[in-house]
Amino acid sequence: MSSDLLQTKLYMPRPRPSLVPRPHLIARLNQGLHRKLTLISAPAGFGKTTLVTEWIAAGERPSAWLSLDEEDSDPARFLQYLVAALRTVSLKLGQTTLAALQSPQPLPPQAILTPLLNDIAAAPEPITLVLDDYHEVADPAGRGADPVGRAVRPVDEALTFLLERLPPQLHLVITTREDPNLPLARLRVRGQLTELRAADLRFTVEETAVFLNQVMGLNLSAADIAALEARTEGWIAGLQLAAIAMQSPIAMQSPLSLPGRHAGTADFIRSFTGSHRFVLDYLVEEVLQQQPDNVQDFLLKTAVLNQLTGPLCDALTGDANGQEILESLERANLFLIPLDNERRWYRYHHLFADLLRQRLRAKNARRANARSQSAGECDIAALHIRASEWFEANGWELEAFQHAVAAHDVERAAHLIAGEGLPLYFRGEAIPVRHWLESLPETEFKARPALWVTYASVLTLTGRLHDNIEEILQAAETALQDAAPDDKTDDLLGQIAAIRAMLAVTKSQVETIITQSQRALELLHPDNAPMRTTTTWTLGYAYQVQGNRAAASRAYAETIAQSQKSGNIMTEIAATTCLGQIQEAENQLHRAAETFQHILQIVGDPPWPAACEACVGLARIHYQWNDLEAAERYGQQGLELARQLENVDTPAACGVLLARVKLAQGDAAGALATLAEVDQFVQEHDFGHWHGEIAAVRIQIHLHQGNLTAAAQLADSHDLPLSRARVQLAQGEPSAALELLETVRQQAEANDLADKRLQALALQALAHQAAGESERAMQALGEALAQAAPGGLLRLFVDECPPMTRHHSMTRHHSMTRHHSMARTGAPAAAASALLREAVKQGISPVFAQQALAALEETDVFQPQTAQPLPDPLSDRELEVLKLLTTALTGPEIARELMVSLNTMRTHTKNIYSKLGVNSRRKAVRRAAELHLL
Amino acid sequence: MKARHTQSEIFEIRLQGHLDTSWANWFEGMAITLTEDGDTVLTGPVADQAALHGLLKKVRDLGMPLLSVCHIESGQANGSKDEA
């Protein structure tokens, strides 16, 4: 919704100057302020909103207001307005949540509400938040009528979450026509709920007297008042209409002044109280018939609007006095509610609007019967079309779309979705568009194949990939077979190809991406900027996967430029992410980190899920910089964000990185456990392209643990030349490794793969050293250092020598270590640190070489367990348990200390015994001491 | 209960107060009968539970006192319209 219409939802109606004072209700509302929730639940027309506005105006607490409508059934939209409402009180509230709310892929409400709750808790003074017309919230999928037994509505769920954690600084008020699906019973029992219901709100006889005689200026006897009160049962809307019907028309100002006046108050009361007719039905007719024809006409025609403003009314009536009539209706208390301070936007009281719409329909139906056919329906549709045209001309595209939908004008609605430049669903309005499309019968789709394509786009864009998009695209193609072969058909076929390319991206199917993208770019209309931008990106992505980084970079740069021009943030993020990945692959880690940080800036905090790839990129970079803590933090963040998306493989990237971090921290068991999770994820989601990467890390873990057999087996069963070279080095076969590495390096050079080349060089240095070729080793190392230094890739040099092969680690540890490593690895054991020292001495990238050396040594100092002389090393947790086993604590006490169950503790103990090859606690402690494990 | 979710059913909804027959359109083709004791009875086919709740919501939104909702009988197979 456009910004000033948005403001009307946050505008608290001001109390009318003359109201019936209701001190007993105000007192109850005040008493309820220390509780969490005030629920005002009563049918329409019981003065709920009026009471709350009067109470708030009289009080001193800062208050936020939100008038809900059906569109707010979408939880993302609801939360957006909730935050906007709170921000009318203080801009400190919800600052961090605003950006998160712009995300096209909706975040779970908890992610948005938690920081908001923190802001509220930090607020200096208590706030009241009013949610008016809460009954408007419906099931977002069903719109209106919901089948029985539907799951909890997401908005109810979000509000329940909010209520359960509500800080005392916030008091919530809900007005509604039906009891909301919130834990009311629980709140009631805990004394956290104040309720005002129809019986509390209805006018008493005394209030009826004040209202009729003082506020409405009538002069009725006690008997008349009692009769009206009995007939309306204190229903305020009924009394108000009755009063208007009885008011002297002279009291009403032009243009509402009437020629004739009512036959007489007494007559009116007699016929009204004697009638069986539904109170409201009766009274509205009375009131309407009092109005001059032009006002009746105005009321009926403008009843189709949810918000009224003078020029818009003029567009519907064809007259030029809209503003004048609106102002006089407001003065006459005719159920017109101002939505701002400037008398620009109004709405009818919902009840009154419903009655007017009913009359409009009945009138048209009568006219249609008289004239045959459905001319009546056409009239209402024509009003909606005029409203739609006015909104469109004034730049309110969503409202224009909604009126086109109400007019059942599919053509116009589809035209408005397409919009000028960027389609409606690219601008955060995907959900109303999706709802509309889902409400259309299949015949409409068959008549307009473009709708299938729009539907497929919307589903792809909102991440609803489980819906069968390919099936929809095929339906579109079938329908397009008979279409005229013109630009429009070509553009649609181009869109279909573009969507297929996007779907292929989620599966990394490079061939499909390229063929479909190229087809799309051929067919898409030159003016279809959003789709062309997206397709430029998918093509770049395919080049990137193929390793053609130069072509990919060009495509991304073009995507970013096009995105910025059309304001398409999603494609900008996607292309920027990929550009960062290429910079990373070029070993330009500082530039890549800047690029990824830029994405985090665009998306704000908490970030959109789309930022997950930027997070994992930063995690990899910090890992290379040997900042394991930051690497872990970004990796976790990336994982949390990625889990909110469907069908992306980012969780695998995060898992692999986190396993590397664990291994670097010396927790081989933890690394294996993480990889097992990644395996499962990859299998479940059919992301087979990750198997190689996972195997490579697993091989490193095996090497780390000295398990050469397992490492060799795994390297044999995958196409992983670098890993195989690592295994060969560990097996003491440097010449075989050198042969392999030379091929890898040459291939990397031929394909311009800087990262691969650097990895090969580092390994070559170690292999030459192991083969006794010191000079060539230094040459390779020098080149590797020169390549790695600008980007600061420290970890490269640390990871290439598993801890047991490190020369200086052997001098500190048990002889068993020496035996293991020397026996298997021979010369390369000394390679890393000796080579780096030599580099420093010779002045070959001395500053960076020194840093790498420090990183290498530091890693060993802080990782006593990396040198565990065990075939199956103890995990961190097992070491913790082992430490406690050396104390005097009993088993149950240890379990309590570790906050685990006794059973879990026993499992740990059993594992420790088996790894140490012992069968008792005493023996385990002795063995641990022998092995310097503690 | 077994067939209730798929077939159109006849329901009778009783409201307090007489409603003009012009409201039949508003209540989606339900027949409007006015009783002597001042009630309105809406009778007609209701496609499914969702449609019934939609009807009740209209009653609620007009502030009409709802007295009862009765299931009369299962509708005949006029399903061609409902399945659209």
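Predicted model: local features only at pLDDT ≥ 70, side-chain atom pairs only at ≥ 80, totals over all residues.

Reader: How many residues of chain A are in contact with chain B?
Author: On chain A there are 26, and they touch 21 residues of chain B; contact requires C-beta atoms, placed from the backbone, within 7 Å.

Reader: Which element of chain A gives the largest share of that side?
Author: Helix 18 of chain A does, with 6 residues. Helices here are DSSP runs of H or I with at least four residues, strands are E runs of at least two, and both are numbered from the N terminus.

Reader: Turning to helix 11 of chain A, which residues are buried?
Author: They are D224(A), I225(A), L228(A), E229(A) and T232(A). A residue is buried if 20 or more other C-beta atoms lie within 10 Å of its own, exposed if 12 or fewer, and partly exposed in between, with C-beta atoms placed from the backbone.

Reader: And what do those buried residues pack against?
Author: They pack against helix 10, helix 12, helix 13 and helix 14 of chain A. On the other side of helix 11 of chain A, A222(A), A223(A) and A230(A) are exposed.

Reader: New topic: at what angle do helix 22 and helix 24 of chain A cross?
Author: Their axes cross at roughly 135° and come within 10 Å; axes are lines fitted to C-alpha atoms, for helices over the stretch in contact, and angles run from 0 to 180 degrees between N-to-C directions. Among the residues that meet there are V433(A) and L437(A) in helix 22 of chain A and Y455(A) and V458(A) in helix 24 of chain A.

Reader: Where does R343(A) lie?
Author: R343(A) sits in the loop between strand 6 and strand 7 of chain A. Its phi is near 55°, a positive value in a residue other than glycine. Most residues other than glycine have a negative phi.

Reader: Is D752(A) buried or partly exposed?
Author: D752(A) is partly exposed, with 13 C-beta neighbours inside 10 Å. D752(A) belongs to the loop between helix 39 and helix 40 of chain A, and its phi is near 65°.

Conventions
Residues numbered from 1 in each chain as written. Chains lettered and ligands numbered in written order. Contact = placed C-beta atoms within 7 Å.
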